[in-house]
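Please consider the structure shown below.

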Amino acid sequence: MIVVMKRSATAAEIDTVVQQVETLGYKAHLSQGTERTIIGVVGDDRPVQSHNFEMLAGVEQVVRILQPFKLASRDFHPENTVIDVRGVEVGGPKITMIAGPCSVESRAMLIETACAVKEAGADLLRGGAFKPRSSPYSFQGLGEDGLEMLAEAREESGLPIITEVMSPEAVPLVGKYTDVFQIGARNMQNFALLLSVGKTRTPVFLKRSMMATVQETLMAAEYVLSGGNRQVMVCERGIRTFETATRNTLDINGIALMKQWTHLPIFGDPSHGTGKWELIAPTARACIAAGADGLMIEVHPNPAQAMSDGAQSLKPEKFAALVRELKQLALAVGRTL
Ligand code: PEP
Ligand code: MN
């Protein structure tokens, strides 16, 4: 943090700032220019609040140098984090494909989808048993029955499973079944939920809120990490912009930026990012080209009959064709798939 003094600042005002730096437990580094004085706060000043200095007389501006997140930051941990999900390596050279229906609808459809996506080359099976729907009248998911079906589909297909947990109270129940906790976009800043999954040692798949900046997203990851759970993946799933022709705007910038700022594995979700199945393939390519470590794609055997998100779901054969195509692209960016 750097404190820039006003041109008119007096020696006494500068002295007060230096004393405040020292009172807070840091060293002050004074740089007296011809125009104005600049005071550097030396040390990890993340706990310090800008107003600690902004309120003092003679201060013009306070500039933060360090990102507010620490455990999530590449400064703290330069190497990529690699997460082992039941033997599937996430965040390594191989791109991770997560596929499956938006919602678990029935045992038969889930097992059919699981086997089809496994055959096509998926690494993890997704499916919501507790659904965060915008309307209370929409299908809310099958609850624990859905979790049991996911566990059965894991047995049948051999794929590890990922499913959403919506409240701290549900963490033990969902944790009994799942290999990865999904935190949905609408819950990205549910801090009680983040702290709750942070106490477990089950990997967490954190989806960026449609209303959050990249920095806020990594601060949400920081909540989970600070609980001691270091197995966090972050997913760009589209943000709200003025564009209404697509459901969301998939922030490719965000993927590239997160790869610079954090060591955590970064995913793209072209299904929720666009809302349109025809746009999944082109935006999936963009995610991989931007450096994503994996993709989450909704797949349904009969999208027209889906109980949620049919319009953004691929049929299994389209998913298989996409995986074949992406293998080439992965090689071009020095990865495999
Ligand atoms: C989902 O993955 O089905 C989902 C609800 O995603 P999001 O939280 O990103 O809307
Ligand atoms: Mn969905």
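Q: Where is the place of Thr37?
A: Thr37 belongs to strand 3, which spans residues 37–42. Helices (H or I, at least four residues) and strands (E, at least two) are DSSP runs numbered from the N terminus. The model is a predicted one, in which local features need pLDDT of at least 70, side-chain atom pairs count only at pLDDT 80 or more, and totals for chains, interfaces and linings use all residues. Residues are numbered from 1 along each chain as its sequence is written, chains are lettered from A and ligands numbered from 1 in the order in which they are written, and side-chain values use heavy atoms, with hydrogens and water left out.

Q: Why does Thr37 count as buried?
A: Buried means under 20% relative accessible area, exposed means over 50%, and partly exposed lies in between (1.4 Å probe, protein chains only). Thr37 has 8% relative accessibility and therefore counts as buried.

Q: Which residues does Thr37 touch, not counting those up to four places away in sequence?
A: Thr37 touches Val3, Val4, Met5, Ile14, Leu30, Ser31 and Gln32. Contact here means heavy atoms within 4.5 Å.

Q: What makes Arg36 and Glu60 a salt bridge?
A: A salt bridge is a side-chain nitrogen of Lys or Arg within 4 Å of a carboxyl oxygen of Asp or Glu. The closest N and O atoms of Arg36 and Glu60 are 3.2 Å apart, and the pair forms a salt bridge. Arg36 lies in the loop between strand 2 (27–32) and strand 3, and Glu60 in strand 4 (residues 59–63), so the pair ties together parts that are 24 residues apart in sequence. In general, side chains of opposite charge can pair when their charged atoms come close.

Q: Why do Arg36 and Glu60 count as partly exposed?
A: The relative accessibility of Arg36 is 25%, so Arg36 counts as partly exposed. Glu60, at 45%, therefore counts as partly exposed too.

Q: What is the distance between the closest N and O atoms of Arg126 and Glu298?
A: These atoms are 3.4 Å apart, and Arg126 forms a salt bridge with Glu298. Arg126 lies in strand 8 (residues 124–126) and Glu298 in strand 14 (residues 294–298), so the pair ties together parts that are 172 residues apart in sequence. Are these two residues buried or exposed? Both Arg126 and Glu298 are buried.

Q: How many salt bridges does a search of the whole structure find?
A: The search finds 17 salt bridges.

Q: What makes Phe191, Leu195 and Tyr223 a patch on the surface?
A: Patches are made of residues with over 30% relative accessible area and no salt bridge; like charges are joined within 9 Å, and nonpolar side chains (Val, Leu, Ile, Met, Phe, Trp, Tyr) within 5 Å. Phe191, Leu195 and Tyr223 form a nonpolar patch with about 240 Å² of accessible area together. Accessible areas come from the Shrake-Rupley method with a 1.4 Å probe, and for residues only the protein chains shown count as cover. Phe191 has 33% relative accessibility and so counts as partly exposed.

Q: Which residues of helix 6 are buried, and what covers them?
A: Helix 6 comprises residues 191–198 and includes Phe191. Its buried residues are Leu193, Leu194, Ser196, Val197 and Gly198. Their cover includes helix 5 (171–177), strand 10 (180–183), strand 11 (204–207) and helix 7 (214–226).

Q: Why is Arg86 called exposed?
A: Arg86 has 56% relative accessibility and therefore counts as exposed. Arg86 is placed in the loop between strand 5 (83–85) and strand 6. Its phi is near 45°, a positive value in a residue other than glycine. Most residues other than glycine have a negative phi.

Q: Why is Glu89 called partly exposed?
A: Glu89 has a relative accessible area of 46%, so the residue is partly exposed. Glu89 lies in strand 6 (residues 88–90). Leaving aside neighbours within four places in sequence, Glu89 is in contact with Val82, Ile83, Lys94 and Thr96.

Q: How many helices and strands does the protein have, and what share of its residues count as buried?
A: The secondary structure comes to eleven helices and 14 strands. Of the 337 residues, 53% count as buried.
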